[in-house]
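Thanks for coming. I will go through a few local features of this model, starting with one pair of side chains.

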Amino acid sequence: MAVRGLTTRTLADLALVAEREIIAAERDGRTAPALLRRLAPALGLHRSDLFLIADQPVPDDLAPADPDAFGLVRGVIWELIHVPGAVDDLHRFIGALPRLPRTAPPRPLPPHLIYPAGPGGLLVRLLHNRNLTWLTAAYCLVGLGGGPMLSAATIGVIGRGGKQLTPALLTHFAAFLDIGSRDLTAITGIDCADEPPGPAAALLWDARLLTAGQFEQVKALAGKLRAERRPAV
């Protein structure tokens with residue numbers, strides 16, 4: 001609320017909830033899932049992200065659509081970085097695909113993808129909420145975020161708090177997270193440069209709603225764009 005200069009009364013009005021619900025959540029340090037769902041759009045945040053920020057599990061209906069699509073976006077990162085106009089074309093294609101019903105519930109996270117509380121753990125959970133594996137996040141960091149070249153394992157170390165999440169590093173991640181820099185600063189306690197997310201951030205967010213089969217269609221289009229436009233490297 002403080003980031004946006006909102007009072008509890010104003011936020012309650014925007015979220016269409018009783019002010020006492022927000023006051024109680026602040027007092028108890030725990031927000032009911034139904035309230036989180038209403039607060040997220042009022043705060044300009046994705047609902048599933050707000051569950052993670054509140055250190056609560058993401059409900060099944062807000063999770064990425066297909067567990068088998070986890071990490072598949074790596075197959076189009078090259079095109080997003082190097083092919084002129086590919087981000088816009090692929091994003092339009094993703095937006096036109098039908099939203100298919102979920103065929104399976106989210107899978108329980110393996111132990112190595114469970115992170116302790118802290119800014120690094122929250123960041124990597126947000127990355128996974130976009131179907132980004134450690135390796136895919138490493139590709140995005142250098143290619144879309146203009147950041148340093150880190151190994152996949154190092155992304156995991158950041159999540160476990162073994163490598164410091166610096167202001168510069170958070171700023172590079174912010175380029176493809178589709179979360180405002182002021183919000184990232186507020187939720188992590190780490191200063192993030194005030195820059196808008198990069199053009200691929202919204203695409204990565206929308207792509208989390210695709211099935212693995214649909215993502216094969218996205219990869220096919222990416223390959224076609226790459227062949228037609230023959231980017232130089």
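Phe173 is buried, at a relative accessible area of 0%; buried means under 20%, exposed over 50% and partly exposed in between, with a 1.4 Å probe and protein chains only. Phe176 is buried too, at 0% relative accessibility.

Before going on: this is a predicted model, where local features need pLDDT of at least 70, side-chain atom pairs count only at pLDDT 80 or more, and totals for chains, interfaces and linings use all residues. Residues are numbered from 1 along each chain as its sequence is written, and side-chain values use heavy atoms, with hydrogens and water left out.

Rings of Phe, Tyr and Trp (its six-membered ring) pair if their centres lie within 6.5 Å; planes under 30 degrees apart are stacked, over 60 edge-to-face, the rest tilted. That rule gives one aromatic pair. Phe173 and Phe176 make up a tilted pair, with 6.0 Å between centres and 55 degrees between planes.

Next, charges over rings, meaning NZ of Lys or CZ of Arg within 6 Å of the ring centre and within 35 degrees of the ring normal. Arg226 lies over the face of Trp78, 3.6 Å from the ring centre. Arg208 lies over the face of Trp205, at 4.2 Å.

Arg208 also touches Ala63, as do Val58, Arg102 and Pro106, leaving aside residues up to four places away in sequence; contact means heavy atoms within 4.5 Å. Is Ala63 buried or exposed? Ala63 is buried, with a relative accessible area of 7%. Ala63 and Ala12 are 51 residues apart in sequence and 26 Å apart in space, C-alpha to C-alpha.
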